[in-house]
Amino acid sequence: MRKLLMAIPLAVMAGCSEPTTEQKIYESEAFTVYSDKVVQGKYTAEVVGQHHMTSDYLSPENENYLRTIPFKFSINLKDNELPYNVNHQLVVRPNAEGFFESPVVTFGKLYVDKEAGVQEVLEPDSEVRFRLDMRPVLEAFEKKGYYTDVHGDKIYKEDFKGVFIAGSSFPLSYDFENLGNFGHQLTDEDGDGIFEITLKMNYRHPDRYVKTDWELSKDISAYPQLETEMPLLKALYDMALEETVLLSEADGTFRTGAKWEGVWTRDVSYAIALGMGMADVERAKTSLLKKVKRDRIIQDTGSGGAWPVSSDRTTWSLAAWEIYAVTGDPEWLNFAYKVIKNSVEDDREVILDHATGLMRGESSFLDWRVQTYPRWMDNVDIYRSMNLGTNAVHYRTYQILADMAGILGKSEDQKAFIQYGEDLKKAINEYLWLPEQKYYGQYLYGRRYMVTSPKSETLGEAFTVLFGIADGQRAADVIANTPMVAYGAPCVYPQIPNMTPYHNDGIWPFVQGFWNLAAAKSGNGEAVAQGLAGMYRAAALFLTNKENMVADNGDFITSLNSDRQLWSVAGNLGMVYKLLFGMQVSPEGNVDFNPVIPKDFENKMKLTGFKLRGKIFDISIEGYGNQIKSFKVDGKRSNVHSVALAGEGKHQVEIVMANNDLGKGLTVLPNKYHLPMPEAKVEGDQFKWNTVEGALKYEVFVDGKSAGMVESTYVPAEALKEYAVRAVDSEGDVSFLSQPVLADAQKVQTVAIKPYVKDKNQKISKAIPEMVDLTKERNTHISWTVNEKAAGKYFVWFDYTNGAGPWNTDNKCATRTLKVNGKSVGPIVMAQRGANEWASVGQTNIIEVTLKKGKNTFSLDFEAFNENMNVDENTALLGKLYIQAME
């Protein structure tokens with residue numbers, strides 16, 4: 001039950017040494033927010049004086065460290081020992097000295113302790129030696145030159161970089177790509193093939209405890225000052241300002257977080273759009289300049305070597321537009337327009353899917369592959385997918401470019417960008433809207449054919465409302481129906497099972513900030529109140545603006561977390577500037593005021609010393625609602641709730657709200673995990689999959705279309721049809737699709753490319769001599785001919801390998817442009833598959849082409865727009881071509 005906040009004596013304005021009496025502003029079964037404290041169960045965070053808070057919060061992870069340790073091994077930082085979501089289980093019972101040695105576990109052979117699952121807490125500071133028999137792998141290396149892993153992939157002897165341990169009990173982690181950075185590599189000191197590692201388990205690590213006390217220690221006088229009748233709001237705002245100071249680097253940029261050095265494109269861009277552009281516009285501008293190269297936006301290192309697998313670099317445009325609005329700087333406008341336009345033109349060549357009109361690539365910010373995608377999807381699969389949030393960012397970028405072009409007098413460009421935006425908006429609403437759920441789907445994914453994932457994706461949902469992709473009633477429906485949990489807005493819903501929280505089973509304050517702004521735009525006070533309370537709960541209990549938290553229980557221990565994360569700090573500031581005070585700076589040179597204040601958050605507030613262009617504002621506000629009753633500038637009433645920023649001077653703005661009721665409608669659900677994904681294959685003339693526990697039935701897809709529900713675990717398979725299946729639970733929620741498989745794949749036509757290459761000397765890898773070197777200097781143009789018996793539509797793709805970098809980071813994804821009969825048909829993407837793993841063969845994206853009967857000319861070219869973010873290195877090995885008739 002929520003109660004109206006009663007008037008609080010003005011003595012507490014600006015934060016006083018004596019907290020007020022308890023005034024409840026938000027209450028749920030999970031936690032309660034008061035004007036001066038937050039209470040969650042037995043834990044309390046409280047304002048105890050001016051600029052001073054305390055918290056006694058303790059993570060439940062530290063109270064329930066069980067002695068059963070789930071774990072598995074990994075070759076070359078991949079999940080390749082056991083089937084996905086299958087783990088060894090070791091019960092640790094240390095001796096008197098606190099030491100335990102495991103039995104020898106054979107690589108690839110499941111070990112489950114007979115006591116597995118025992119609900120006992122492991123003794124603190126236990127040392128555990130894990131032992132692994134790698135002899136079957138080493139023998140395969142010597143006999144065959146490679147080992148075939150559980151997924152059927154070959155690991156060549158020359159590519160073997162080491163074996164690592166993964167798990168869910170700290171300090172173990174299932175972040176496979178980073179196991180080496182954690183020091184989790186096993187060694188074989190005596191060369192007997194038994195690898196070992198000794199780890200301390202259940203020990204006190206500072207990252208697993210919050211500080212108990214916060215007191216302002218930095219000078220925050222350069223920023224706008226907040227006065228309020230709510231000590232909690234005042235304390236959290238000042239804490240965000242202090243963390244802004246701590247994130248301000250000597251080179252004039254913003255640091256990404258306490259643990260993260262440097263400037264990251266999407267992090268700083270979203271932070272600037274949320275509020276950092278208003279707080280420190282010069283530092284915001286300097287930070288954005290760090291993310292430009294060749295007059296193009298830099299896509300940060302990411303999955304498979306960044307762009308075009310990660311394709312949300314246009315988040316930069318949101319920040320650039322905010323900076324122009326705040327400064328009105330024409331020089332910045334010209335520069336930003338050139339950079340964004342160049343980036344967009346390259347993107348339209350490489351990531352635009354002409355069949356749907358959507359943009360391809362990874363979910364914006366959800367860039368840890370296994371946290372939001374099924375395990376079978378590699379980086380090329382992610383490139384081919386089409387995500388809601390990423391597409392929303394591209395839509396907003398087209399809007400911004402059109403507005404920029406209009407100001408610059410580039411009318412033809414303006415028309416083009418308006419049309420691009422209209423086309424993309426139409427595609428988003430056509431392919432991603434879920435009419436039954438009344439919100440948008442997460443992404444389209446698949447291999448040859450695309451299927452919509454019906455999970456929600458909260459950042460994308462928020463953007464559809466903020467950017468006007470969802471119009472009218474559809475916008476209201478998105479806010480009312482997108483699933484929330486007790487602690488706020490989860491990144492996705494429902495969650496992937498058996499996954500350590502981070503993006504999956506996670507809440508990110510910056511996402512919550514954008515969601516709150518979207519809810520405010522739609523006039524949904526219930527959603528705004530829950531969103532604000534969720535942000536204030538976390539910041540108060542943790543006494544910092546953490547990077548993320550667990551959706552299931554609101555805790556801060558996830559796979560990876562950081563104090564004072566830049567965009568989390570910005571979200572806290574943005575809730576004051578852009579939501580409660582409703583400030584929006586327009587590029588026309590005005591500051592507009594559209595406050596949205598839920599009834600229970602009513603209080604008198606004042607922002608002083610707010611600098612915009614040449615003006616300084618002191619802004620006071622009282623009341624609640626989203627309608628303004630009285631608006632005064634320098635004591636004079638105005639019917640226009642806006643102030644021009646031309647010239648210099650100081651203004652007093654006084655706002656009295658109309659105390660109107662805001663709209664309601666919010667879907668708060670218990671956190672849920674969808675069913676595990678079926679493991680499927682074609683055997684003979686049948687498509688088969690395993691039984692999934694909890695599945696009521698299974699939905700089979702043939703060539704991307706639902707073929708209906710079955711209760712069995714097999715269906716007949718027809719040659720050259722693509723099959724996939726997903727499990728359905730009793731509530732109608734579905735698992736991820738299984739990996740799509742092609743029936744009678746051996747019937748696909750293949751063409752060897754090497755005979756058509758002039759420079760046949762392979763200089764990268766000797767393990768696969770049939771492949772061809774592709775570099776920026778060698779084999780930049782390859783052409784060949786293929787004869788077809790019939791005209792029609794075909795799928796084409798290639799074998800490739802790219803050992804220029806790891807799966808999860810770096811910037812050396814290779815691309816080339818495929819042309820058929822003289823016409824460009826699309827990019828061929830060859831994402832990184834592992835550092836120096838040049839024998840790890842994958843397959844490129846699949847492209848639809850139209851071939852004529854008889855001779856068809858193919859070519860593969862390196863074009864200017866195929867440059868990656870590295871620029872210096874754009875290298876891969878190319879194997880045979882596959883051609884499959886579509887009908």
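Predicted model: local features only at pLDDT ≥ 70, side-chain atom pairs only at ≥ 80, totals over all residues.
Trainee: Why is Cys491 called buried?

Mentor: Buried means under 20% relative accessible area, exposed means over 50%, and partly exposed is in between, with a 1.4 Å probe and protein chains only. Cys491 has a relative accessible area of 1%, so Cys491 is buried. Cys813 has 0% relative accessibility and therefore also counts as buried.

Trainee: How many disulfides does the structure hold?

Mentor: The structure holds zero disulfides. A disulfide is a covalent bond between the sulfur atoms of two cysteines. The rule here asks for a pair of cysteine sulfur atoms within 2.5 Å.

Trainee: Why is Leu77 called partly exposed?

Mentor: The relative accessibility of Leu77 is 23%, so Leu77 counts as partly exposed. Leu77 lies in the loop between strand 6 (68-75) and strand 7 (88-91). Helices (H or I, at least four residues) and strands (E, at least two) are DSSP runs, numbered from the N terminus. Phi of Leu77 is near 65°, a positive value in a residue other than glycine.

Trainee: What is the phi of Asp744, and where is that residue placed?

Mentor: Asp744 has a phi near 55°, again a positive value in a residue other than glycine. Its place is in the loop between strand 41 (741-742) and strand 42 (749-751). With a relative accessible area of 24%, Asp744 is partly exposed.

Trainee: Which omega goes with the peptide bond from Phe170 to Pro171?

Mentor: Omega is near 10° there, and the bond is cis. Pro171 sits in the loop between strand 12 (163-167) and strand 13 (194-201). The bond from Tyr493 to Pro494 is cis too, with omega near -5°. Pro494 is in the loop between strand 24 (492-493) and strand 25 (506-507).

Trainee: What makes two rings an aromatic pair?

Mentor: Rings of Phe, Tyr and Trp (its six-membered ring) pair if their centres lie within 6.5 Å; planes under 30 degrees apart count as stacked, over 60 as edge-to-face and the rest as tilted. By this rule the count is 49 aromatic pairs. In one of them, Phe107 and Tyr147 are 5.9 Å apart centre to centre, with 75° between the planes, and the pair is edge-to-face. This pair links distant parts of the chain, 40 residues apart: Phe107 is in the loop between strand 8 (99-106) and strand 9 (126-133), and Tyr147 is in strand 10 (residues 146-148). Both Phe107 and Tyr147 are buried.

Trainee: Which residues form one aromatic cluster?

Mentor: The cluster includes Tyr270, Phe365, Trp368, Phe463 and Trp567.

Trainee: How do you know that the charged end of Arg348 sits over the ring of Tyr420?

Mentor: A charge sits over a ring if NZ of Lys or CZ of Arg is within 6 Å of the ring centre and within 35 degrees of the ring normal. The charged end of Arg348 is 3.5 Å from the centre of the Tyr420 ring. Lys154 lies over the face of Tyr146, at 4.6 Å from the ring centre.

Trainee: What makes the contact of Glu123 and Arg67 a salt bridge?

Mentor: A salt bridge is a side-chain nitrogen of Lys or Arg within 4 Å of a carboxyl oxygen of Asp or Glu. For Glu123 and Arg67 the N to O distance is 3.0 Å. Glu123 lies in the loop between strand 8 and strand 9, and Arg67 in the loop between strand 5 (52-55) and strand 6, so the pair ties together parts that are 56 residues apart in sequence. Glu123 is partly exposed at 36% relative accessible area, whereas Arg67 is buried at 5%. Both belong to a network of salt bridges that links Arg67, Arg93, Glu115, Glu120 and Glu123.

Trainee: How many salt bridges are there by this rule?

Mentor: The count comes to 49 salt bridges. Among them is the one between Asp367 and Arg266, at 3.1 Å from N to O.

How values were computed. Residues numbered from 1 in each chain as written. Heavy atoms only, no water.
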